[in-house]
Amino acid sequence: IAMAGCAILLWIVLHRDSSTVVYRAWTQPPSLVFTGMVALLIVSLFVVTRKQAEHTLLTVRNFYGVLRVRDRAATALEPPRRELLNGTILHGVEIIASGRRDEPTTYYSPESGVGMALLAALHRGSVRAGIIGLGTGTLASYGRTGDRYTFYEINPLVIRIANSEFHFLGDSAAQVEIIPGDARLSLESRPLQEFD
């Protein structure tokens, strides 16, 4: 909105000031291009804002940015899902179809690097995992009884949303601990964790 407002204000100033070349030749191609760009900016901002608001269940903001939780309907290729976004960055997806909400998704699927590492560790016995960044808590879905998953998360709103809007943490069989604050400082101040 601020960007569109500035563009409109600049357009008005340039077209009201009779000393500018733009005023004298507002029908010339450069002026028409500028006018078209202002209009395109306003329309694109409107479209983006409407698109972001679609199916949004929750929008909250703090020092770390804007977090949105939205539901997406099933498509031919994907089941219905709930997403956590920080601005335009996807921080986790939970499948909300019956019986599938604990499946690890996105870049935490069993075929991902972290998925393969956790599955390999699970074969050796109980797992002690230290994870920087909580997101929706997707990695807790790998947890079994006897495992311990410690998440480090700097954004208190992410912690609140992961616990209230998603089920990975609550459904995990592992013992789950969330350490709020800067992970670097938290890791330095705590005794050696001996994570796997």
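1. At 31% relative accessibility, Trp 11 counts as partly exposed, a class that lies between buried (under 20% relative accessible area) and exposed (over 50%), with a 1.4 Å probe and protein chains only. Trp 11 is found in helix α1; helices are DSSP runs of H or I with at least four residues, numbered from the N terminus.

2. The model is predicted: local features need pLDDT of at least 70 and side-chain atom pairs pLDDT 80 or more, while totals for chains, interfaces and linings use all residues. Residues are numbered from 1 along each chain as its sequence is written, and side-chain values use heavy atoms, without hydrogens and water.

3. Ile 8, Trp 11, Ile 12 and Ile 42 make a nonpolar surface patch of about 290 Å². Such a patch joins nonpolar side chains (Val, Leu, Ile, Met, Phe, Trp, Tyr) within 5 Å, from residues with over 30% relative accessible area and no salt bridge. Helix α1, residues 2–16, gives the most to this patch, with 3 residues.

4. The whole structure holds 2 aromatic pairs. Rings of Phe, Tyr and Trp (its six-membered ring) pair if their centres lie within 6.5 Å; planes over 60 degrees apart count as edge-to-face, under 30 as stacked and the rest as tilted. Phe 63 is exposed, at 77%, whereas Tyr 64 is partly exposed, at 36%.

5. Tyr 107 and Tyr 108 have ring centres 4.9 Å apart and planes at 75 degrees, so this pair is edge-to-face. Tyr 107 is partly exposed at 42% relative accessibility, and Tyr 108 is partly exposed at 22%.

Terms used
Patch = residues over 30% accessible without salt bridge, like charges linked within 9 Å, V, L, I, M, F, W, Y side chains within 5 Å. Areas by Shrake-Rupley, 256 points an atom, 1.4 Å probe, with all protein chains shown as cover. Salt bridge = Lys/Arg side-chain N within 4 Å of Asp/Glu carboxyl O. Helix = DSSP H or I, 4+ residues; strand = E, 2+ residues; numbered from the N terminus.
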